[in-house]
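Please open the structure in your viewer and keep the selection tool at hand. The stops below say what to select and what is found there.

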Amino acid sequence: MSCQIVILYYSRHGSTRAIARQIARGVESIPQCEAILRTVDEIEPTHTQAADPSITISELKQCDGLAMGSPVWFGNMAAPLKHFWDKTTQLWVAGDLIDKPACVFTSSSSMHGGQETTLQSMMLPLLHHGMMILGIPYSEPKLHSTQSGGTPYGATSVSTEHSPLSEDEIELSQQLGKRLAQTALKMKDH
Ligand SMILES: Cc1cc2nc3c(=O)[nH]c(=O)nc-3n(C[C@H](O)[C@H](O)[C@H](O)COP(=O)(O)O)c2cc1C
């Protein structure tokens, strides 16, 4: 038995993608779990080159767990991600995502610039689809000590021009990926 965890994100400048990569490392540290990195199509043409393929409805339908990430755009998820979810009515009608575990992640340029509202904005369509949302429990020591990203509601980073993720942000992202994979594996087992 193998568990397929889709890590679906939108990233214009790479910061959200960097968190997605760390969540994928956490997922793949769990035996029998595979991370599938996917992005969404742009609404308008840009010069940004996508680093991963765009997700298909069928890939989303077949996943055993989902991590979803967006940059903070005015305190909300980025429009291309919302646009994608607005095309998933057929999955909602069929109840295809019900009881699948999910988690969310985000990146912002300022510490108090809307990370928590953006995480919540991504939880809404997932809850409508019947998914089971996981956060990061306070048993993770880095949640107590981080000076930048990392919240109980999901993995986050505060991006600066040249800095990669902080050590705490990396650890918390990986732990969230592990927790998602372990939960998906347990749920598939029953
Ligand atoms: C349209 C737009 C709106 C943004 N709004 C916010 C915001 O409300 N708060 C904030 O801290 N950063 C905001 N930012 C900055 C991004 O959240 C930040 O640079 C993020 O790390 C980009 O992620 P990415 O590299 O994955 O695209 C905004 C950026 C854009 C392009």
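**A tour around strand E4**

Select residues 101-108, strand E4: eight of its eight residues are buried, so the strand is largely enclosed by the rest of the structure. Buried here means under 20% relative accessible area, with exposed over 50% and partly exposed in between (1.4 Å probe, protein chains only). Strands (E, at least two residues) and helices (H or I, at least four) are DSSP runs, numbered from the N terminus.

The model is predicted: local features need pLDDT of at least 70, side-chain atom pairs count only at pLDDT 80 or more, and totals for chains, interfaces and linings use all residues. Residues are numbered from 1 along each chain as its sequence is written, and side-chain values use heavy atoms, leaving out hydrogens and water.

Next, display the side chains of E4. Pro101, Cys103, Phe105 and Ser107 are buried on one side, and Ala102, Val104, Thr106 and Ser108 are buried on the other, which leaves both faces covered.

- Leu66 has Ala102 as its bridge partner in E4.
- Residues 132-133, strand E5: two bridges join this strand to E4, and the two run parallel. Ile133 in E5 stands opposite Ala102.
- Residues 155-158, strand E6: four bridges pair this strand with E4, again in the parallel sense. Ser157 in E6 is the bridge partner of Ser107.

Finally, select residues 5-180, which an unreviewed UniProt entry annotates as "domain: Flavodoxin-like". UniProt positions follow the numbering used here, feature names are shortened, and annotations may be inferred rather than shown by experiment. The end C-alpha atoms of residues 5-180 lie 8 Å apart, and the span is 37% helix and 19% strand.

Note on methods
Pairing = 2+ DSSP bridges.
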